[in-house]
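Visitor: I would like to learn how to read a model of two chains. Where do we begin?

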Protein chains: 2
Amino acid sequence: MKSKNSYHHGDLRNALLQAGERLLAKEGVVGLSLRSVAKEAGVSHSAPYRHFRDKGALLSAIAQAGFERLAEAMDKAEKQHPDDPAKQLLAAGIGYVTLAVGNPETANLMFGGAIKPDEKDAELMEAGDRAFQGLVRIIENGQQAGIYKERETMELALAAWSSSHGLALLITAGKLKDAASSEEQVTQLAASVCEILSRGMLK
Amino acid sequence: MKSKNSYHHGDLRNALLQAGERLLAKEGVVGLSLRSVAKEAGVSHSAPYRHFRDKGALLSAIAQAGFERLAEAMDKAEKQHPDDPAKQLLAAGIGYVTLAVGNPETANLMFGGAIKPDEKDAELMEAGDRAFQGLVRIIENGQQAGIYKERETMELALAAWSSSHGLALLITAGKLKDAASSEEQVTQLAASVCEILSRGMLK
DNA sequence: ACCTGAACACCGTTCAAGT
DNA sequence: ACCTGAACACCGTTCAAGT
């Protein structure tokens with residue numbers, strides 16, 4: 001049992017993670033300093049170094065939490081429609097885009113290159129892979145149900161991933177300002193992209 | 001006629017832009033400081049402020065150049081296949097992805113949220129729009145040729161943009177490390193995604 | 001008109017010292 | 001074992017002063 005007012009914080013690691021996410025949402029990845037995170041958590045500017053190797057490690061941990069939420073969204077999409085892999089894919093796409101739009105700065109952190117390749121630790125990569133594997137499973141469900149054309153699982157999964165990912169990042173980057181202001185519009189756009197990908201652009 | 005050794009640089013704005021792009025490619029958007037750009041250009045750390053309002057304005061100008069190259073790639077894709085809008089779309093997708101993969105840090109700058117929304121000046125937005133309009137024109141060519149299903153131009157364009165954009169950023173973010181190491185592999189992936197989008201995933 | 005150098009407030013990181 | 005505070009090298013930005 002630890003007191004919050006004591007010299008020793010007790011759960012500083014989590015407090016820093018929370019403060020980091022809060023400041024990230026407010027200030028963006030450029031405006032987020034390790035010192036401001038420490039201040040927000042109520043500790044000195046050097047305290048974080050007991051829990052994170054450096055600033056990149058904190059960012060990496062925040063990004064990891066984002067990938068875990070993304071993996072959950074994929075799992076949820078699969079379980080929501082146990083016998084309809086087409087609906088699973090639609091729900092996955094909408095979930096992907098909705099999650100990114102709801103946390104645009106986290107999405108930028110996860111995919112925007114703020115974390116240098118050599119700072120990407122194994123845990124971060126694993127969390128990213130888990131999210132992708134959730135989508136791959138949904139594609140495999142469709143293949144087993146025989147609804148897709150004969151193609152490599154990875155090719156289909158990459159096409160689906162690319163279109164959801166692209167739409168999500170176009171929105172978070174503000175390139176679709178007027179067309180994607182409400183959550184309803186965002187859902188509609190995700191559904192439209194998913195349908196075009198499923199049925200094809202060509203006659 | 002201006003001398004490079006004189007006290008007055010003569011073309012410092014362009015020199016800073018060039019130095020910025022060079023350092024961006026080498027250090028990434030996180031490692032790029034305005035002071036290092038000034039040093040690379042051989043001027044004092046405060047000289048850039050004669051030519052750019054602040055650091056964001058320099059980044060914005062670099063991003064703008066990136067969008068102009070992207071717009072050129074779209075135009076080139078259209079002109080390369082004057083009578084085949086399907087090939088235009090494939091060339092546009094490959095061009096998009098190839099450009100991003102060749103300049104990953106510039107792509108991150110263009111789409112990664114390093115430039116805050118309020119720093120996005122009119123010129124930057126226009127350059128981005130021009131690139132998108134190039135893609136829209138290619139879609140319209142296909143609609144006029146009657147090759148696409150009946151759908152809003154914008155819906156088709158957004159689906160095409162999303163999938164190319166998503167693939168490009170997945171690669172530059174390093175999420176496809178092993179599958180996209182050579183330029184040939186990258187072209188192949190872009191072609192695969194484009195074909196799946198054109199013909200559809202479903203049987 | 002354009003560039004420099006000192007100055008200021010901030011930042012990431014380290015390390016001896018405190019509890 | 002965990003946190004603090006001084007210290008260092010860096011950064012963005014401003015501004016009087018130089019050419």
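Guide: We will take the fold, then the interface, then the pocket. Keep in mind that this is a predicted model.

Visitor: How many helices and strands are there in chain A?

Guide: Start any reading by listing the elements. Chain A has eight helices and zero strands. Read from the N terminus, its elements run α-α-α-α-α-α-α-α. For the dimensions, take a box along the principal axes. The C-alpha atoms of chain A fill one of roughly 65 × 35 × 30 Å.

Visitor: Now the interface. How many residues of chain A are in contact with chain B?

Guide: Count contacts on each side, with heavy atoms within 4.5 Å as the cut-off. Here 46 residues of chain A meet 46 residues of chain B. Next comes area. The two chains bury about 4700 Å² between them, and 64% of that is on carbon and sulfur atoms. Within chain A, the residues that lose the most area to chain B are A:Lys149, A:Met201 and A:Leu202. Together they account for 17% of what that side buries.

Visitor: Which element gives the most to the side of chain A that touches chain B?

Guide: Helices H1, H5, H7 and H8 of chain A each give two or more residues to the side touching chain B. H7(A), spanning 153–172, gives the most, with 12 residues. By type, that side of chain A divides into 24 nonpolar, 12 polar and 10 charged residues.

Visitor: And pockets? How do I find empty space?

Guide: Rolling a probe the size of a water molecule over the atoms shows where empty space is left. In this model the largest pocket has a volume of about 580 Å³.

Visitor: Which residues lie nearest the centre of the largest pocket?

Guide: Its lining has 21 residues, and those nearest the centre are A:Phe132, B:Lys175, B:Leu176, B:Asp178 and B:Ala179. H6 and H7 of chain A and H8 of chain B each give two or more residues to that lining. H6(A) gives the most, with six. The lining divides into nine nonpolar, six polar and six charged residues.

Methods
Residues numbered from 1 in each chain as written. Chains lettered and ligands numbered in written order. Predicted model: local features only at pLDDT ≥ 70, side-chain atom pairs only at ≥ 80, totals over all residues. Heavy atoms only, no water. Buried area = accessible area lost by both parts, 1.4 Å probe. Helix = DSSP H or I, 4+ residues; strand = E, 2+ residues; numbered from the N terminus. Nonpolar A, V, L, I, M, F, W, Y, C, P; charged D, E, K, R; others polar. 1 Å grid on protein atoms, 1.4 Å probe; cavity = no way out; pocket = protein on both sides within 12 Å on 5 of 7 lines; lining within 4 Å. Points joined across faces, edges and corners; volume = space filled by probe spheres on them.
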